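Please keep the viewer open while you read.

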Amino acid sequence: MAVYTKEKQVHTLQELLKSIPKVDTLLASAELRVFEKSLLLPLITSHLDSLRWGLKNATLSPKAFSQAINELIPTLQAKAKLAQMPTLERVINATGVVLHTNLGRSVFSKEIIDEITPFLCSYHTLEYDLEAGKRGERYRHCVQLLCQICGCEDALLVNNNAAAVFLILHTFAKHKEVIISRGELVEIGGGFRIPEIMENASCILHEVGTTNKTYLQDYEKAINEQSALIMKAHRSNFYQSGFTHSCHIKELIALAQERGLIDYFDLGSGHMGAIPLKDEMSVQEICAYKPALLSFSGDKLLGGPQAGIICGKRELIATLKKNPLLRTFRVDKFSILSLKATLQAYKDKAYHKIPTLSMLLASPKDLEHQASMLKNRLSCISNKADIDIIELHSLAGGGAMPEDSFKSFGIEINPKSMLAKDLEDSLRTKGVVACIKAKSVLFDMRTLLKGQGEMLANILIEIFKHAR
Ligand SMILES: *Cc1c(COP(=O)(O)O)cnc(C)c1O
């Protein structure tokens, strides 16, 4: 009896598997024919594979399997439609988070792009010295500007600040100790954790102090013949308050110099002094203390391209350039040209060319005015939602200065006949990213770019047209 049952099951299984239509038949069906074969074929094979696997491993009942086979064509049609959707779309960022890593971090201005376009569309002296007729250095286009703006001795560029941290640790502290406060063993996001970076750079982590308090004598006591670097990492994405102590950069520089070590500051965002921030030292202020090395991102508060900017002592920069790994972190011409144009805008104090700065410098009064204009534009839907002007607090974002918020204004929409979540959903499918607060959706005016207020109004009117 048992054998019979088993045989019967095997039989059924084979029959079920046989009921799967041929791939060619599926490809030729009227519903699927319209899609490109190169798009469709992998979808069909992987879908059928997973059905077969489910049946054989009993995660799919014979009944569910048969049902899936009956629904094969509409399912594949939906999958193909989804796969055809563009992955890259422009969005309206109404979150008030200026440096939104998921939305591309710093935004370029057309002015900066226009300035560099002729170079990008032509051969240029990226690494060529016209006078000498031989190879030049790609970093020189930005180094002089960096030295002038920040007051550092020399500088170097890599692909991003994560690479800068790695390169510095690997160059100066391979198989040696790096002294760092326990309060700074941070995770920045995207898997970047200071202790893991150290491990990968073959450094020995020598943590000192406690989570909340680290004194200069903690660093002093930790110094031994294995020590190479005293490091300080910006906390970036969190804020410590209350019973805390950390050492001033000035003290750590003096200690490192006295004991023949290298001091290194991972500033994260790097604040170039163009916007008012409380309790945040600017790169210029830090450079005035003559640190050995510091590094920061190109596309956080600086508002330029993705890059890692290293500033510091000339002989240390020269040593970094000798590390063969530098080649694997090499910045490309787009980054160099756009960073140069961005730095030039800093030098000229032409901050309007840097959208990150324009947004952070926008006055609450102007933002309130924009909010009231948007509210007026939406008067035609005021019977379908409560619309109010509200005071908000925008963030710099990008793991930068979470304790510094920027007073802002926006509008709050509380729809009468749909949930806030449904409104937020519809907005997202139309390319608007906004935040939900209780029963309302919030729109911060600070991160709307030129012309986007009008676009946002049209999208909202369109959504509410279909609402009761
Ligand atoms: C953001 C950040 C990094 C990583 O910088 P990327 O340019 O994103 O690679 C490293 N350290 C700190 C402290 C940061 O805030």
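## A pair within one helix

Why are R428 and E424 separated by about one helical turn? The two are four residues apart in helix α18 (residues 420–429), and therefore about one helical turn lies between them. Helices here are DSSP runs of H or I with at least four residues, strands are runs of E with at least two, and both are numbered from the N terminus.

R428 and E424 form a salt bridge, with the closest N and O atoms 3.0 Å apart. The term salt bridge stands for a side-chain nitrogen of Lys or Arg within 4 Å of a carboxyl oxygen of Asp or Glu. E424 is buried, at 12% relative accessible area, whereas R428 is partly exposed, at 40%. Buried means under 20% relative accessible area, exposed means over 50%, and partly exposed is in between (1.4 Å probe, protein chains only).

## How to read the model

This is a predicted model, in which local features need pLDDT of at least 70 and side-chain atom pairs count only at pLDDT 80 or more, while totals for chains, interfaces and linings use all residues. Residues are numbered from 1 along each chain as its sequence is written, and side-chain values use heavy atoms, with hydrogens and water left out.

## Other salt bridges

How many salt bridges are there by this rule? The count comes to 19. One of them joins K353 and E115, at 2.8 Å from N to O. This pair links distant parts of the chain: K353 is in the loop between α15 (333–347) and α16 (355–361), E115 is in helix α7 (residues 110–120), and 238 residues separate them. K353 counts as buried, with 16% relative accessibility, and E115 counts as partly exposed, with 34%.

Another salt bridge brings together the side chains of E196 and R193, at 3.1 Å from N to O. E196 has a relative accessible area of 35% and is partly exposed; R193 is also partly exposed, at 37% relative accessibility.

## Aromatic rings

A pair of aromatic rings is described by the distance of the centres and the angle of the planes. Rings of Phe, Tyr and Trp (its six-membered ring) pair if their centres lie within 6.5 Å; planes under 30 degrees apart count as stacked, over 60 as edge-to-face and the rest as tilted. By this rule there are three aromatic pairs. Among them is the edge-to-face pair of F166 and F329, with 6.0 Å centre to centre and 85 degrees between the planes. F166 lies in helix α9 (residues 161–173) and F329 in the loop between α14 (314–322) and α15, so the pair links distant parts of the chain, 163 residues apart. Both F166 and F329 are buried.

Y346 and Y351 also form an edge-to-face pair, at 5.8 Å centre to centre and 65 degrees between the planes. Y346 is buried, with a relative accessible area of 5%.

Most residues other than glycine have a negative phi. Where is D279 found? D279 is in the loop between β11 (262–266) and α13 (283–287), and its phi is positive, near 55 degrees. D279 counts as exposed, at 66% relative accessibility.

K349 lies in the loop between α15 and α16. The phi of K349 is positive, near 55 degrees, and K349 is exposed, with a relative accessible area of 60%.
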